[in-house]
Amino acid sequence: MTYMLGQEQLDAIEEVLLQDLFDVGVNCIFLIDTAGNVIANLDNGEIQHDIYSLAALAAGNFAAVSTMAKIVGEDEFSLLFHKGEKESIHFSKVLMDFLLITIFGKGISLGFLRLKVAEATEKIKKILESSCAP
Amino acid sequence: MALQKDGTVDFGMEADPKDLLGHSNESPDSVEDTGDPEGTPLRELKSIVLSLDWEITDQTMSRFVKEIDRLKDTYRDDTILVSFLGLLDSVGKYIKTHKTRAHPNASKLLNSAYMSLEKVIVSKDITGPERKKILVNQLRSFKRLKEQIALRKAASDRKKELKPSEQISPMAEELRNDLPMQRQGRVPDETKGRLRESDEGRVSPPEGFMSALEEIKQLIQDEFRALRKDLKQWRYDEHGRT
Amino acid sequence: MAFVNLKKKEVQAKIVYYGPGRGGKTTNLEYIHHKFKSRIRTEMVTIKTHGDRTLFFDFLPFDVGKIRGYDVKIQLYTVPGQVKYDATRRLVLRGVDGIVFVADSMAVRREKNILSLRNLQKNLATFRKSIFKIPIVMQYNKKDLAEQGIPLLSLQTLEKDLNSQLKAPSFEASALTGMNVVPAMKKIISMTMASLLIELR
């Protein structure tokens, strides 16, 4: 099912990512759909991650973990997070078809990040629901 | 220690942190976890702090504040520990009140202050001056946090005073300009103009896109015509029909 | 699930190379990656076992280029072909817009081809997609093996086994030498874009 997002929605999404997450020290944020398409992304300019490959892998990773959750009898896991030495990655589901991926360093605690992600997710949900997204 | 109505925190300590030790000290980095709080009154607090590291909820924050109160009573005769607990109390209440609006360094300080408290309680051979030194480091971090909170509030107040048309965050503007527009970081010349045209906030109608698809449709139709021709020829060759 | 970004003037679509194990899906992508090296700046993503069998998927982003000011970016994926990775194949199929079915022309793989196609139909159905409606191209791979005297299925047999109902465009190919790899890819891209147009109308 093909869907479109216009300038207004994409600008609004980028504004949310910028104010709620980027401004608190997250290094790289991207919003993708579960097919692996990149909808929006921001980074601090210092890291040049291959966003398209990350998006494909993130979508696959999230889908794999969701399937595992169902096998063990859970609807879904409430936390998908990979902790690294310097950088960590957090995944958050937005509606049925989107994922918000944040890559952050040691400067921000996971607990605080999850608070901010939850807030950003609610705002992005409203933007997507108002568009012709699936 | 009191959380002020304007969001700042009054620690309430009269003495300058320097006076505790008599000389200034190194940067207050977070302390390495050297002890095991099992068997000490810190066990419950540790579990709460670890839980907060993963998830901050109203429930956990309430438990945190309650546990700090309990520990203040337990250690009421030890001024250093009471100071630590006071610091944790202030930061905890600040995070509990402000939640997502809290400064990101607040939860970092909470962790670091807890680790320092644990070291001071659990380490067997720690001397009095060493305990004070650790406390002073945390107080410095706390002071820095207060300054950062005040700066952020001032910036936010200034922003509210500006007229809507003047509210431009230079960093946001710069960041927007630097946002990767394409995979290779290029913005194609022919689309630059079009992007500017739609900057007034209106959604551009997908005219260009529809005409692009029209072109593909035409290509497909031409291909189908050629295919039909081939099929006709094939049928003729196979079955002798025209 | 194709995405049209009206702000960036960009279209992203997903094409999956599906088929039985060891049929040549990964080799297709490797050939495309090699052939278009100058255009594809990133490395191909592969998640595979120690034995070089695809474990999760291969991924290759392919920039078709501009069509009337719109950048068309195709995400090419392969699935793991081994029977035991069915759950994984289903995950990778999520949001698929077009399929290249890579059949193995070796005579001994006849049954595996048929089972794999049925598996594709079943997995598409879990996403409420029909194999009869989704853009699909058949590729009958490993034609180069004929030179080595290895018994291959004839085009008629392959068409009858796999394409008698679908009536999809088909290509005899060799992913190893590159024969018909790019034409099959171009065909599925144009079919996928045409399907997108119909959907948006």
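Predicted model: local features only at pLDDT ≥ 70, side-chain atom pairs only at ≥ 80, totals over all residues.
The radius of gyration used here is taken over C-alpha atoms, and the rule for a globule is 2.2 Å times the number of residues to the power 0.38.

View 1. For the 134 residues of chain A, a compact globule would have a radius of gyration near 14 Å, and because chain A has 14 Å, the two agree. The C-alpha trace spans about 40 × 40 × 25 Å along its principal axes, and buried residues make up 49% of the chain. Among the contacts in chain A with a separation of 6 or more, 54% are between residues 24 or more positions apart. The secondary structure of chain A comprises 3 helices and 6 strands, which follow one another along the sequence in the pattern β-α-β-β-α-β-β-β-α.

**View 2. The open antiparallel sheet of chain A.** Five strands of chain A are arranged in the order β3-β2-β6-β5-β4, with antiparallel pairing. The edge strands, each of which pairs on one side only, are β3 (38–43) and β4 (80–82) of chain A, and the twist from one strand to the next averages 15 degrees. Strand β2 (residues 26–33) of chain A is joined to β3(A) by 5 bridges, and A:F30 stands opposite A:N41 in β3(A).

**View 3. Helix α2(A) packed on the sheet.** The helix touches β2, β3, β4, β5 (88–94) and β6 (98–104) of chain A, and its direction makes about 65 degrees with that of β2(A). Helix α2 of chain A, which covers residues 51–71, has 21 residues and reaches 30 Å from its first C-alpha to its last, close to the 30 Å expected at 1.5 Å a residue. Buried positions in α2(A) include A:I51, A:Y52, A:L54, A:F62 and A:A63, as well as A:G60. The helix is followed by A:G73, whose phi is positive, near 95 degrees.

**View 4. The contact between chain A and chain C.** Each partner is represented in this contact by 24 residues, from chain A and from chain C respectively. On the side of chain A that touches chain C, β1 (3–5), α1 (7–21) and α2 each supply at least two residues, with the largest share, 8 residues, coming from α2(A). The residues on this side of chain A divide into 13 nonpolar, 9 polar and 2 charged.

**View 5. Parallel strand pairing between β1(A) and β1(C).** Strand β1(A) and strand β1 (residues 3–5) of chain C run parallel and are joined by 3 bridges. Within this pairing, A:M4 has C:V4 in β1(C) as its bridge partner.

Key: Residues numbered from 1 in each chain as written. Chains lettered and ligands numbered in written order. Helix = DSSP H or I, 4+ residues; strand = E, 2+ residues; numbered from the N terminus. Expected span 1.5 Å × (residues − 1). Buried ≥ 20, exposed ≤ 12 C-beta atoms within 10 Å, placed from the backbone. Contact = placed C-beta atoms within 7 Å. Nonpolar A, V, L, I, M, F, W, Y, C, P; charged D, E, K, R; others polar. Pairing = 2+ DSSP bridges. Axes fitted to C-alpha atoms, helices over the stretch in contact; angles between N-to-C directions.
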